[in-house]
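This briefing sets out the fold, packing and selected local contacts of one protein chain.

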Amino acid sequence: MSEFSSVLQEKEPIMVNLFNSLGVSKSGTLQRENLRESLKRFGLVATEANITSMMKLLGASANGSIKYGQFREFMMLIPTDELNLNPW
């Protein structure tokens, strides 16, 4: 097994749980409103500027939604230790 595959196997369950905890819509995507509500629930600042920046960083599509694949690509850049200690 390659090192990348090993890292992916280690991170995948954490990323899926985190994505689902963000209040994914019925379509299985993360929308602006889901993100706003999640930020507030986690006690984080949920200004329009913050939400816009996060959506951009996560690679939101033209309609403003984020699929799991986009979220996963972004999260793969975060060290596993950080995901385990502080998911947000």
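F19, Y68 and F71 form one aromatic cluster in this predicted model. Aromatic rings, meaning those of Phe, Tyr and Trp (its six-membered ring), count as a pair if their centres lie within 6.5 Å; planes under 30 degrees apart are stacked, over 60 edge-to-face, and the rest tilted. The structure holds 2 aromatic pairs.

**Basis of the values**

- Residues are numbered from 1 along each chain as its sequence is written, and side-chain values use heavy atoms, with hydrogens and water left out.
- Because the model is predicted, local features need pLDDT of at least 70 and side-chain atom pairs count only at pLDDT 80 or more, whereas totals for chains, interfaces and linings use all residues.

**Aromatic cluster**

- F19 and Y68 pair edge-to-face, with 5.4 Å from centre to centre and 70° between the planes.
- This pair links distant parts of the chain, since F19 lies in helix α1 and Y68 in helix α4, 49 residues apart.
- The rings of F19 and F71 have centres 5.1 Å apart and planes at 50°, so this pair is tilted.
- Distant parts of the chain are again linked, with F19 in helix α1 and F71 in helix α4, 52 residues apart.
- F19 and F71 are both buried, where buried means under 20% relative accessible area, exposed over 50%, and partly exposed in between (1.4 Å probe, protein chains only).
- F19 counts as buried because its relative accessibility is 3%.

**Overall fold**

- The secondary structure comes to 5 helices and 0 strands; helices (H or I, at least four residues) and strands (E, at least two) are DSSP runs numbered from the N terminus.
- From the N terminus on, the elements run α-α-α-α-α.
- The chain has 88 residues, of which buried residues make up 28%.
- Among contacts between residues at least 6 apart in sequence, 51% join residues at least 24 apart; a contact means heavy atoms within 4.5 Å.

**Nonpolar core**

- The largest nonpolar core has 15 residues, and L35, I66 and F71 touch the most other members; such a core is a set of buried Ala, Val, Leu, Ile, Met, Phe, Trp, Tyr and Cys residues joined through side-chain atoms within 4.5 Å.
- At least two residues of this core come from each of α1 (3-21), α2 (32-41), α3 (48-57) and α4 (68-75).
- In soluble globular proteins, nonpolar side chains tend to be buried together.
- Apart from neighbours within four places in sequence, F71 is in contact with M15, L18, F19, L22, L58 and I66.
- M75 belongs to helix α4 and is buried, with a relative accessible area of 3%.
- The C-alpha atoms of M75 and M15 are separated by 7.0 Å, although these residues are 60 residues apart along the chain.

- The buried residues of α2 are N34, L35, R36, S38 and L39.
- S38 in helix α2 counts as buried because its relative accessibility is 1%.
- The side chain of S38 reaches the backbone oxygen of N34 at 2.9 Å.
- Not counting residues up to four places away in sequence, S38 touches S21, L22 and G23.
- R36, also placed in helix α2, is buried with a relative accessible area of 15%.
- Leaving aside neighbours within four places in sequence, R36 is in contact with A46, E48 and I51.
- The charged end of R41 sits over the ring of F42, 5.2 Å from its centre; the criterion is NZ of Lys or CZ of Arg within 6 Å of the ring centre and within 35 degrees of the ring normal.
- G43 follows α2 and has a positive phi, near 75°.

**Loop between α3 and α4**

- G59 is found in the loop between α3 and α4 and counts as partly exposed, at 32% relative accessibility.
- The C-alpha atoms of G59 and Q70 are separated by 6.1 Å, with the residues 11 residues apart along the chain.

Methods. Polar contact = N/O pair within 3.5 Å; in protein donor to acceptor, adjacent residues only side chain to side chain.
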